[in-house]
Amino acid sequence: MNSPEQRQEPTTAEAPAGFKAGFVAVLGLPNAGKSTLVNALVGRKVAIVSPRPQTTRSRILGIVNRPRAQIVLVDTPGIHLPRNALGRMMVEEIERGTEGVDLAAYMVDATRDFGPEDVRALERVRRFSGPAFLLLNKIDRIEKARLLPLIELYRQQREWAEVLPISALTGEGLDVLERLLIDYLPEAPPYFPTDQFTDQPERFLAAEIIREKAMLLTRQEVPYSIAVVIDRYEEAERRVHIQATILVEREGQRGILIGRQGAMIKKIGTLAREELEWLLGTKVFLELYVKVQPDWRDNPAVVSHLDWRRQFERLSRE
Ligand code: GDP
Ligand code: MG
């Protein structure tokens, strides 16, 4: 059972004999380190990362290209109970993220204790019938003695094809993980051109980078009230012109994002522009606006507008 939009026809007929390729869903509670892992394996940033839970809102593919394999990682939003239209879209993204994948990697923040939310999250992993890896992440921050009892608890929940302690941040254990992932993938030609590292169009990557910086610089409820819409994305000869609107839910949040004499929005713009220039390898001219869209997280129309796949479909029709 393959989801048609994720599973494309293999792209080349000339893959070397024994080439392996397939999809791996990266699952786990918010903040486990899923996006950090995807970025580390891909070797570039495809998904934004923040210390705040529920930063990832939609499913993103990170493509790992190696001489004899292509691992397509599906980064998903953290498993949580939805509270609004945005939350429901995120949970739907998790469901779609596990459709048609070859393998699942369930990621755990090993610095945390096992709790009821883990049981709930594992419920979803149990519904996946293929092989699943258990990844105990953030081992750079724990005593190794903690691992065994933790692994025992997880073993009672499901059968794990492999159990690996890793640090997505320092890279510890990632070479072993990569090798094992490839071992479990079927023989197949690559699904994407082997120079491609994500399925996310650059304009939406730009929106995510802006959102990451805005989340990084704000506090309390503000980070979750932020959405970014790209109004204009034009590639000129030696630079990209990006015009974007940051949506917030309240007038007060708009004030915070703009800051005293525009200091905050300027800082967000500078950080985002610097990173985009590095990612895109070109000069970027970035124009940012802030707009109040009351309670957009409860509004299915706005939430659906933020889903880049739907936006992309609309753009391609225009
Ligand atoms: P996600 O919600 O599962 O996608 O988690 P993120 O990748 O956004 O990471 C959440 C937070 O955990 C960020 O602050 C990361 O820097 C941090 N983090 C991720 N992996 C590690 C790790 O291996 N070690 C440590 N110490 N922190 C990590
Ligand atoms: Mg994430």
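**Chatting through a predicted chain**

Student: Where is the place of Glu237?
Tutor: In this predicted model, Glu237 sits in the loop between strand 7 and strand 8, the latter covering residues 239-248.

Student: Buried or exposed, that Glu237?
Tutor: Glu237 is exposed, because its relative accessible area is 77% and the cut-off for exposed is over 50%.

Student: And how many Å apart are Glu237 and Lys283 in space?
Tutor: Their C-alpha atoms are 9.9 Å apart, although 46 residues separate Glu237 and Lys283 in sequence.

Student: Let's zoom out. How many helices and strands does the chain have?
Tutor: There are 10 helices and nine strands in the chain. Its radius of gyration is 20 Å, close to the 20 Å from the globule rule for 318 residues, so the chain is as compact as a globular protein of that length. The C-alpha trace spans about 55 × 50 × 35 Å along its principal axes.

Student: What share of the residues is buried?
Tutor: Of the 318 residues, 56% are buried. The accessible surface comes to about 15,000 Å², and carbon and sulfur atoms account for 51% of that surface.

Student: What about contacts along the chain, what share joins residues at least 24 apart?
Tutor: That share is 74%, counted among contacts between residues at least 6 apart in sequence.

Student: How far apart are the mean positions of the positive and negative charges?
Tutor: They are 5 Å apart, with 45 positive and 45 negative charges in the chain.

Student: Are Ser35 and Thr56 buried or exposed?
Tutor: Both Ser35 and Thr56 are buried.

Student: Back to helix 1, then. How many of its residues are buried?
Tutor: Eight of the nine residues in helix 1 are buried, so the helix is mostly covered. Among them are Lys34, Ser35, Thr36 and Leu37.

Student: What covers those buried residues of helix 1?
Tutor: The cover includes strand 1 (20-28), strand 2, strand 3 (69-75), strand 4 (103-109), strand 5 (132-137) and helix 5 (174-184).

Student: Which residue follows helix 1?
Tutor: Gly43 follows helix 1, and its phi is positive, near 85°.

Student: Speaking of positive phi, what is the phi of Gln220?
Tutor: Phi of Gln220 is near 50°, a positive value in a residue other than glycine. Gln220 lies in the loop between helix 6 (202-217) and strand 7 (227-235). Gln220 is exposed, at 67% relative accessible area.

Student: And Gln261, where does it lie?
Tutor: Gln261 lies in the loop between helix 7 (251-258) and helix 8 (263-280). Phi of Gln261 is also positive, near 50°, and this residue counts as exposed at 83% relative accessibility.

Student: Last topic: what does Arg273 touch?
Tutor: Leaving aside residues up to four places away in sequence, Arg273 touches Val284 and Leu286. Arg273 is in helix 8 and is partly exposed, with 28% relative accessible area.

Student: How many Å separate the C-alpha atoms of Arg273 and Arg250?
Tutor: They are separated by 25 Å, with Arg273 and Arg250 lying 23 residues apart along the chain.

Notes. Residues are numbered from 1 along each chain as its sequence is written. Chains are lettered from A and ligands numbered from 1 in the order in which they are written. This is a predicted model: local features need pLDDT of at least 70, side-chain atom pairs count only at pLDDT 80 or more; totals for chains, interfaces and linings use all residues. Side-chain values use heavy atoms; hydrogens and water are left out. Helices (H or I, at least four residues) and strands (E, at least two) are DSSP runs, numbered from the N terminus. The radius of gyration is taken over C-alpha atoms; the globule rule is 2.2 Å times the number of residues to the power 0.38. Buried means under 20% relative accessible area, exposed over 50%, partly exposed in between (1.4 Å probe, protein chains only). Contact means heavy atoms within 4.5 Å. Accessible areas come from the Shrake-Rupley method with a 1.4 Å probe; for residues, only the protein chains shown count as cover. Lys and Arg count as positive and Asp and Glu as negative; His and the chain ends are not counted. The place of a charge is taken as NZ of Lys, CZ of Arg, CG of Asp or CD of Glu.
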